[in-house]
Every structure is written in C-alpha cells, then in structure tokens.
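Please read the following note alongside the model. It is arranged as numbered points.

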Amino acid sequence: MVSHNHTHTAVRPKGLSDKKKTALAGYLFISPFFLLFAVFGVFPMLFSFYLAFQKWNGFGEMTFVGFKNFSLIFTDPLFWKSIYNTIIIGLLGTGPQLIAALILAVALNSAIVKFKSVFRVAYFVPNVTSIVAVAIVFTVLFSEQEAGLVNATLNLFGISPVSWQTSEWGAKIAIATMIFWRWVGYNSIIFLAGLQSIPKDLYEAAEIDGAKKWQQFLFITVPMLKPIIVFVVFTATIGSLQIFAEPLIFGSGFREESMTIVLYLWREAFTNNAFGTASATAVSLFLLIIVFTTINFFASNRLDKSGK
Amino acid sequence: MLLLAFVFMFATACSNQSQSDNESKDKGSSEKVKLDMWVFGSTGYEKLAEEYMKDHPNVEIKIQSTQFDDHHNALFTALSAGSGAPDIAMIEVNNIERYREAQDRFYNLYDFGAKDIKDKYLDWKWRIGESADGSFLFGLPTDIGPTAMFYRADVFEAAGLPTDPAEVAKLIPDWNAYAEVAATIKEKTGKPIADNVELVYNALRDQAPVQYFNEKEELLIEKEPYIKQAYDYTVNLIQKGYLGSNGLWTPEWGNAMEKGSYATLLAPAWMQGVVKGNAPNSAGKWLITNMPGGAGNWGGSYLTIPKESKHAKEAYDFIQWLVAPEQQLKSFKDMGLFPSTPSVYDAPEFKEYKDEYFGGVNTAQVFAEAAQKVKTVYMGKNYGIVQSEIVKALTNVQKKKADPEKEWKEAIKRIKRQLERQ
C-alpha cells in the first residue's frame, strides 16, 4: 500500500496523501475516547493487577509480597461472606425484578394503556436518580425503629418490626428492594423495545388459530424476546456483582450482613489504606465475573439450540 | 462501578500535569506569594485571611472549603500522588492518624520554630499533632471538641432528680452514679439514660489512660484492661435496657433530641449546634454540665503544610498567626470553634459567656474545664479499624442480643485480620 502510493506522493511537494489525511483525521476524531480510556480504563486495570502482588499503604514504597494478599483475603471469612452476600442480594434484586419488568413491558405494549410516553418516562426516572439520594431515602423507609414506614406498614399486618440494617435477611431484602426499584423501569424499557420489534402478524395468525392471550405470551413473546432476555440477564448479572453504593450508605459501618465484594474492596483501599489486598479483591472479582459470564454464555447458547 | 473504583484509586498516578502549571504561575510573580488553603466545613477563616492579607500585602491566600469527606479524600489522593496538594491543608484529628507513616509528605513544623509556641496550646492536643517520638510536628492545633454531659432537665425532673447543673454534676460524679441514675430514670419515666450505645462507650474510652495502641503501634486492648472495662460497662447498660438504639446522625436520632425521649447526651462542644438544629423548640430543656468521671475530646483539627508547597515559610507564618490565641478567640465568637489555647478561657468573653438556649448556662466555661481534663493519649494509625469493630460488637449485643464475650472475641479477630494487612 505504502510503496504503491509512493509514486503519487513523489509528485507532491510535501505531506501526506489525501487518503492518509482522511484516515489521520478519522483517527484524531476518535482518539479522545481511546486516550481517556487508556488513562482511566486500561492503565488502572493493569496497575491493579500489579498492585495485587504488592503491599502499599498509599504512601511510601511498595513491597512485593507475592500471593500473600490473596492468601490474606482467601482466609478471611468476611471475604467469602461478601461473595455470598453479593450473590444473594443479586438474586433477590434481579430475579423478581426481571419478571416484573417483563410484565410491565407487556402491559405497556398492549393497546389498552393510554399515555404511553408518560409511563415510559416515569419508568425511567428511578434509573437516573442519584443512587446516593435513593439509598438515603430507602434508609429512612427501612428504619429500624417501629415508627419507620416499612415497619409501621408491616405492623398493620401484625408482623413485628424488623431490624433492617442489622439483621441477616433484613439488610439483604432492603438492599435488594433498592436495586429492584432502581432497575425495574430501565429493564422494562429495554423489554418494550424488544416487544415492539416482534411482527404483529404472528399474533394475528395465532389469534386466528384460536390461541389465548397467555398462550401468545408464552409461545410467541417469550421466544421472540430471547436475545433481549439474554442481554438483560448478562448486564444484570455483571451489575449485581458490583453492588456498592447502596450497602455503603444503607448498612452503616461495614456490617457483615450487607458487605458486598466491592464494598469489601472499598473498605480495604479507602478506609484501611491496604491497597494490596484491595487490588487482590478486585482481581478476584474480575475472575468471578468471567466465571459468571461464561456460565451465562453457555446457558444462553444451550437455550438458543433447544429453542431451534 | 468497579471501573469507577479503579479510577478513584489510580487517577492519582495520572494527574501530574497540574503541578507544573502551578510552578510556572508562581515563578511568573516572584514578589507576590500565593497560598492555596484547603479547609472543610464552616471555619470562617476567609474573614481572618482577609485581615492577614491587609497586613501582608505580599501574600495572597485562596481558601477552598469542601465537605468533610470530600475534603479528606481529595487530600489523601493528592498527597498519595505527590501532586495537587495545597500549601496549607486542614486535617481532622482522626484523619491525621492516616498520615503517621507519611511524614515525608509534610513539612516538619518544628523546623519553622513551632517549639516556641507549644506552651500556648493544650498539651494533649499538641501531642496528637506530633509523631510518636515527638520529633516531627505535622500540624498546628486549631479547634477542639471537649466533651460534657448534655441532659434534659424535664426528664430529670419527671424522675424526681435535681435539675440544676451544679447539683446534677454532684449527683453524677462518676460512672457508677451514672448507672444508678439510669436505673432511676428507667424506673420513673421508662426512658433510656442515653440515646445511643456509641456515645457512652466513647465517653468511657476517652477517659482511659491508654486506648487502642501504644507508640509502637502495638495493639493494647488485650493487655490493658481499660477498653474491655469500657466495653463491659456499656454492655451492662445495654442488657439492663438503659440505652436507646438510634443510630448516630439518623433522622430518628435527631427527632429524639426534640422529643426528649432520653435523658443524657455525652457529646462535644460542637454538638451544641446540632442540638439547637434538631430541637429548635426545646430551648431551656437541654442543659449542660460536667461529664461523669472526667472528660474526653471528639473532633477538632490541625493545619498542616504539605511538602509540595513552594512557600512553606510564608504558609507557616500565616497559620501560626491564624491559630494564635487572639485569632482563636475570634473564631470562637464568629463560628463557635472551641479554642485549643487555654489562655483564651480567661478572656472576658469566656467568663461572661451565656447561652439562653441551654438555660443560660455558661457553656463555654463547662467545656473549657473539660478541655483541661482531657487525657493525653496516643491514638495510632489504625485507630479507626479498632473503633469500628468494637462499635459493631456493641451493636450486635444490643440489636441481636448476642453474647458479649463472644462478640468481643470476634471483634478482636476481625481487628487482627485487618491489622495484618497494614
């Protein structure tokens, strides 16, 4: 390519060929993203792999400690507890949420509902609300006191007050509720987009054949939505492995009931100044996400094959 | 989110440009010295800086005030990266412990002659600003947070107890008396003596001759009896039902102040503002007297000069003026910052101080007395780890009815696990 162009450029006084200029301009236009990504994305990631084998308090010299950081966190019951918590909160927060999102999307897609765009905006609002504000409001709702809104409501049904912040399941349910509220609208908008891409004639044909509404849903809607469902499950899985701000604000003082992996990482780095073990946690989380994504991947492939 | 955490962690390593900018600016105007200063909260230092600049036309001071957490995080990042720190940084007393191992990031204020002004300050306050061996001075003392006992006169009255500050002080001279009064109040009014586990424990902790660590950063809580005693005492009150369970700073906690649903609040001088804010209609109901058994300190800050500063001499001249007794008196009058210079306590403004909200008590005098009773203790760089785990154990005893001995042992295990990584 270069040598071929050379004969042309020999005629020109100086500089690049037009083609190269266009290419260069193109690269320059997209370069901001890559530069920022290199500085704020790639470099920190590589650096944290490096840090995972060092002992460092944020100041002073780093010392190489081999796998000691990993053995420190792997022998810490709280680390395993944080993984357990993350998975439980993730399941509680995303499982019911995806089902609810699908139902909401179907309802919104049906002809009965008026003011569709109003609903769409309303669904999306929680997702763009500041996560900190959400967590603070929910902290008030899930107050441990009997007079807290949730406890007072439970009381109407004769259920005794729950220690939302300090009990094993209370904390998890409260945090899962926050996640539910924040993401259900987002996911239903995505489902809605998927629903609208399903051709209408499929439903018409089914209706002529005498299929009931629930049959249409189960045998047309769900199979046609499969790619969307796979996408939503993927992102929800990765998202729930990174739950952080909610437990940080809600569960005061890094309590073990609400300790998630990222919160554990954060405590190591920013309150205990142990950047080595924090990075080792980050690397472990990275591997965990790979494992989960792989499982997801194979599961959805399976699903695809069995569908055909 | 993970990415964000990484970015936070290592943005530090990537922000080298800003320093060279500063340098070139400084070289451009060699006569006029520009000082950047970072503070948190409302210090009122802007006004004092104006005053200083009038007398020192060659100095220009730029004060940037941010919220408490943001301030300390930004400072940690800047100091860790070795770039972006200001000429003068205010650091809160608990946060200064994080920098014990980072002497090389600060100027030793003893090199500027800080020894000469040492006697003007409370000894315990000064000591925390020094390195363990006393050869290095991180910062000059600003305000302090001596603690006293706030109490609800109406609750005391309902329990048939005296309400006058002097009599209450006589009634509750020590912790045994405190527990007895707790029993009386519980019996007569059904209310807890204190709203929160943490504040009672902290009050006891602050009166111990040694706390969590010694100067060699060795963990003392298993060898020395004091912290365990404080723990046991708090556990005892919890198990008898004398303590409330509102988390610090929660809305319920604030509400309880107005409603008077508990009897005493063991808190520092700056809590006066918090009480007034949370309980605007309770003027005259909250009174203040001496803390049982002595006093403690909660909060207060230091002014440090990060090593990056190009004008350390000028910065030092300014801060030693700013925290001199005369200026501390002004900060007290304007913003309620409690002075760390005892000579101020004899000033007429202090002697004749009266707070109508607190029933006309001379609160300044109560806190001044407390300030002089605070024990000199070494806190240590891992103070926060131990504190947080012990409070967790106490919370479990209260909320989960957990076995206190088991909780104590668990807490020590958790503490040691974290200390291993330091």
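The points below treat the basis of the model first, then its chains, strands and individual residues.

1. Basis and numbering. This is a predicted model, in which local features need pLDDT of at least 70 and side-chain atom pairs count only at pLDDT 80 or more, whereas totals for chains, interfaces and linings use all residues. Residues are numbered from 1 along each chain as its sequence is written, and chains are lettered from A and ligands numbered from 1 in the order in which they are written.

2. Confidence. The model has an ipTM of 0.81 and a pTM of 0.85. A contact here requires that the C-beta atoms of two residues, placed from the backbone, lie within 7 Å.

3. Interface between the chains. Contacts link 32 residues of chain B with 37 residues of chain A. On the chain B side, at least two residues each are supplied by α1 (2-11), α4 (68-81), α12 (251-259), α18 (383-399) and α19 (404-419). Helices (H or I, at least four residues) and strands (E, at least two) are DSSP runs, numbered from the N terminus. The side of chain B that touches chain A comprises 15 nonpolar, 7 polar and 10 charged residues. In this scheme Ala, Val, Leu, Ile, Met, Phe, Trp, Tyr, Cys and Pro count as nonpolar, Asp, Glu, Lys and Arg as charged, and the others, Gly among them, as polar.

4. Domains of chain A. Chain A is assigned domain 1 (2-51) and domain 2 (69-307); such bounds come from an automatic or database domain assignment. The centres of these two domains of chain A, taken over C-alpha atoms, are 40 Å apart.

5. Domains of chain B. In chain B, domain 1 consists of 30-144 + 299-351 and domain 2 of 146-297 + 364-419. Their centres, over C-alpha atoms, are separated by 29 Å. The contact between them involves 19 residues of domain 1 of chain B and 22 residues of domain 2 of chain B. On the domain 1 side, α6 (123-128) and β7 of chain B are the elements that give two or more residues, and α6(B) makes the largest share, with 4 residues. That side of domain 1 of chain B divides into 9 nonpolar, 4 polar and 6 charged residues.

6. Strand β7 of chain B. What surrounds this strand? Strand β7 (residues 297-304) of chain B has 7 of its 8 residues buried, so it is largely enclosed by the rest of the structure. A residue is buried if 20 or more other C-beta atoms lie within 10 Å of its own, exposed if 12 or fewer, and partly exposed in between, with C-beta atoms placed from the backbone. Strand β3 (residues 88-92) of chain B pairs with β7(B) in the antiparallel sense over 4 bridges, with Met90(B) opposite Leu303(B). Strand β4 (residues 139-152) of chain B also runs antiparallel to β7(B), joined by 5 bridges, and there Pro146(B) stands opposite Asn297(B). Pairing requires that DSSP finds at least two bridges between two strands.

7. An unreviewed UniProt entry annotates "transmembrane region" at residues 24-53, 83-109, 121-142, 173-195, 216-245 and 274-299 of chain A. UniProt positions are given in the numbering used here, feature names are shortened, and annotations may be inferred rather than shown by experiment. Residues 83-109 of chain A are 100% helix, with end C-alpha atoms 38 Å apart. Residues 173-195 of chain A are likewise 100% helix, and their end C-alpha atoms lie 30 Å apart.

8. Leu98 of chain A. Leu98(A) lies in helix α4 (residues 77-109) of chain A and counts as buried, with 20 C-beta neighbours inside 10 Å. Beyond four places in sequence, Leu98(A) touches Asn187(A), Val232(A) and Ala236(A).

9. Positive phi values. Asn273(A), a residue other than glycine, has a phi near 55°. Asn273(A) sits in the loop between α13 (261-271) and α14 (275-307) of chain A and is buried, with 24 C-beta neighbours inside 10 Å. In chain B, Glu217(B) has a positive phi of about 65°. Glu217(B) is placed in the loop between α10 (197-206) and α11 (226-239) of chain B and is partly exposed, with 16 C-beta neighbours inside 10 Å.
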